[in-house]
Amino acid sequence: MTSDLLRISLYPPRNLCFSYNSKSNVHGFSFSSLPQRRRSQRLWKVSGRRAPNFNFIFSKAIDIRAPVKSTPSTEEQRPRGDSPLLLDVTGMVCGACVARVKSVLSADERVESAVVNMLTETAAVRIRPEAVEETVGESLARRLTECGFPTKERVSGTGVEENVRKWREMGEKKEALLVKSRNRVAVAWTLVALCCGSHASHILHSLGIHVDHGSFWELLHNSYVKGGLALGALLGPGRELLFDGLRAFSKGSPNMNSLVGFGSVAAFGISVVSLLNPGLQWDASFFDEPVMLLGFVLLGRSLEEKARIRASSDMNKLLSLISTRSRLVITSSESDSSTDSVLCSDAMCIEVPTDDIRVGDSVLVLPGETIPVDGRVLAGRSVVDESMLTGESLPVFKEEGFAVSAGTINWGGPLRIEASSNGSNSTISKIVSMVEDAQGRAAPIQRLADSIAGPFVYIVMTLSAATFTFWYYLGTHIFPDVLFNDIAGPDGNPLLLSLKLSVDVLVVSCPCALGLATPTAILVGTSLGAKQGLLIRGGDVLERLASVDHVAFDKTGTLTEGKPAVSAVASLAYEEQEILRIAAAVEKTAVHPIAKAIVNKAESLNLTIPITTAQLAEPGFGSLAEVDGHLVAVGSLEWVQDRFQRRTNRSDLMNLENAMMHHLSKEVSLSNHSQTVVYVGREGDGVIGAIAVCDSLRHDAKSAVTRLQEKGIKTILLSGDREEAVATIAKTVGIESEFINSSLTPQQKSGVIKSLQTAGHRVAMVGDGINDAPSLALADVGIALQVESQQSAASDAASIILLGNKISQVADALDLAQATMAKVYQNLSWAVAYNVVAVPIAAGVLLPRFDLAMTPSLAGGLMALSSIFVVTNSVLLQLHGSDKNRKS
């Protein structure tokens, strides 16, 4: 027995090899470093397209080198149609910025609607159909840039490698900004320590520790030194914040930086006036305040940025599942492609970008690698970690004929896969794309926050001016005792008190908390859902799902496994195999599980299935086709009867039912099985037979229904099947008889949902087939089970896709939606309550009666803590997933 050697490039060390027997399956790998060899260049043509230049040699030992990376060319933009235009917008720091960007976009007459996400720095713009043109994106980007928000149009049609590169660059950029922010915080707090160091001796004296006042302490007490430190804080770590605030104000879109900048400059200006005009007898130690204010604000900004990065960590984990490189396997035309070996002796393996993989290509996946594309196993045996799709921690066995999904991890042995999708259309790429889109779709409750955050800065500036006016002209005369407070200076100066209180109002207000309240929770919620196998299309979906009070289920393929098998055949005049043969011919091209069961049964009996013509399928009713010169219908009894002029008499139908019951009585009847009967009719004969199909109940169906009912949600069963089969399943899972609806057409299913909505209920529909698509689209939330990673009409119409194909994920999705919306309401309540309470206190409401007033540094610290609370509270939503995993 001879062995061949294949050398192949892998992640470092690059030159590795494995041995296999050309007459049997691969049994193991032996990795070793390989010497470099002289290589020759050839240009190959594969599947009608040119492959890039790769270096290789032909022999029993094949050494493959990875191609030199090339810059991906920009593809021509596709016609947008209904697809939104995506803009990458930078420079947004608070909710006011978001509102400003949205108002600038909405002001353009070509824009129909716009959604802006500060966390992902993205604006999704829907263009009016009559205004679609190639330059609209450039002009909108230019307009936003002129308004102080540098913007670029996102190139459409980019491949998976480009998308991953963009996300990773964004992550690296955020990490770099975080490092820069930490450096600014370190410098700022060093200045705070120096500026406030003069107070240390007083604190030590109060504790009974007496320290001699040397030259260093005297230097720190010097007002000019304090002024220099304050100026250093403004022009050093605070420079970027101040300039950004002034720039935003000059462009007519003031933001949080504007408020902090004005407050810091005002505090510094008051101190300078006090220092240069001793006759005013103001408190020159006020130089401490702008330094401490900037220190608190920059510290809060740094912690907030760290929390934002933590909030997007789930998205980064999803990106880590995308493989940008694949091993394309090319075999000689003369070789047997159906061989059981993972690689033939004359096979060639080339490392290429995943974007270059096409449907039908063979791809090699080694142990420990992420599967790059969706496909079917051609050769090899292994176990695959599919937890990113199903949430199941145990790996799944795979061998020839099994389907695999991109983003799952191969653990056992090497696999050769036939690609059923390219990189950009793979399961994991669609998940990342849909999650990204979902995070750009604002929940309706976000409109409340936007309506407040937009004019918030102007309102605060107005309140600050009103605070100064009131206290300077009225307040100190109405409440003269306030002048004895320390903020009025040693001589109780009304001007100093009014200036300090107006600065407090500017600094304490926090528009950023309002702007972050909803998007941070949506970001964490949708990313967490994707990790759990729940593909949620947007924040609006989460909000609707959280308020659902009725959940409607389809039966076949939803509550049942969707893998039925023929259990009995009955006939009036023909052989049972003839009934099965012509029924299989009609159902040959149908995609319904029952149709597949009939075809599988006919094939298992080696029946010759005839060719059909003039095929017609009516979802929810049945199929019709011409078989051997006669029209044959397979479906529900009423539908089959209506297809032909000759109708079978009632006595014959009763005999047929009795024969069917006799056959079924021989089978073991279990409560967790559903028996569905379809009827077969032929032109000239009417109904001629019936076929019973048995489908087993999903193992988690009963527990899923119970979990929903425990939450107070009404569960409904909508099915096109006969009443007896539907009632059996409903009784088993625990659905009450009053909520059972059988023998429904797709239109009647939609009618039931519509009537519930008319009565004021929020309805979620769970289904899996094309006949469920109308109901999924009509329901407040459509939930589709995705079978074997295949796109279907149901998943296209649904708002949520259950990638794990588990009915228990319905309750998981509801739990996640309720937890996410709870965080949204908590964040908004905190943001509104904080400003409602903090701004009046900063304006001096408690000063006349309680002699309490803020300092600018305290106001800045509270403002920073407000934003940190909102982001941190959203990040805590990740514990929802951790608790679920611990329970499971």
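Asn 835 counts as buried because its relative accessibility is 8%; buried means under 20% relative accessible area, exposed over 50%, and partly exposed in between, with a 1.4 Å probe and protein chains only. This is a predicted model, in which local features need pLDDT of at least 70, side-chain atom pairs count only at pLDDT 80 or more, and totals for chains, interfaces and linings use all residues. Residues are numbered from 1 along each chain as its sequence is written, and side-chain values use heavy atoms, with hydrogens and water left out.

Stay with Asn 835 for a moment. This residue is found in helix H27. Helices (H or I, at least four residues) and strands (E, at least two) are DSSP runs, numbered from the N terminus. The Asn 835 side chain reaches the backbone oxygen of Ala 831 at 2.8 Å. Beyond its neighbours within four places in sequence, Asn 835 is in contact with Phe 456, Ser 509, Cys 510 and Pro 840. Contact here means heavy atoms within 4.5 Å.

Now take the helix itself. H27 covers residues 809–842, which is 34 residues. At 1.5 Å a residue it should span 50 Å, and its end C-alpha atoms are 48 Å apart, so the two values agree. The expected span is 1.5 Å times one less than the number of residues.

What follows H27? Just after the helix, Gly 844 takes a positive phi of about 100°. Leu 846 lies in the loop between H27 and helix H28 (847–850). Leu 846 is partly exposed because its relative accessible area is 26%. Not counting residues up to four places away in sequence, Leu 846 touches Ile 841, Asp 851 and Leu 852.

Asn 805 lies between strand E33 (800–802) and H27. Its phi is near 55°, a positive value in a residue other than glycine. Most residues other than glycine have a negative phi. Asn 805 is partly exposed, with a relative accessible area of 23%. Ser 743 also has a phi near 55°. Ser 743 sits in the loop between strand E30 (740–741) and helix H24 (746–758). At 46% relative accessibility, Ser 743 counts as partly exposed.

Next, the cysteines. A search of the whole structure finds zero disulfides, where a disulfide is a pair of cysteine sulfur atoms within 2.5 Å. Cys 147 counts as buried because its relative accessibility is 3%. Cys 694 counts as buried at 16%.

Step back to the whole chain. The protein chain has 30 helices and 33 strands. Of its 888 residues, 53% count as buried. Take the contacts with a separation of 6 or more: residues 24 or more positions apart account for 71% of them. The accessible surface comes to about 39500 Å², and 55% of it belongs to carbon and sulfur atoms. Accessible areas come from the Shrake-Rupley method with a 1.4 Å probe; for residues, only the protein chains shown count as cover.

How far can the model be read? pLDDT is the predictor's confidence in each residue, from 0 to 100. The chain averages 76, and 76% of the residues score at least 70. Confidence is highest in strand E22 (residues 550–553), at a mean of 94, and lowest in strand E7 (residues 61–62), at 31. Over residues 1–81, pLDDT stays under 50. The model has 147 contacts beyond four places in sequence for that stretch. Where pLDDT is low, the predicted coordinates should not be read in detail.

Notes:
A polar contact is a pair of N or O atoms within 3.5 Å; within protein, one must be able to donate a hydrogen and the other to accept it, and residues adjacent in sequence count only if both atoms are side-chain atoms.
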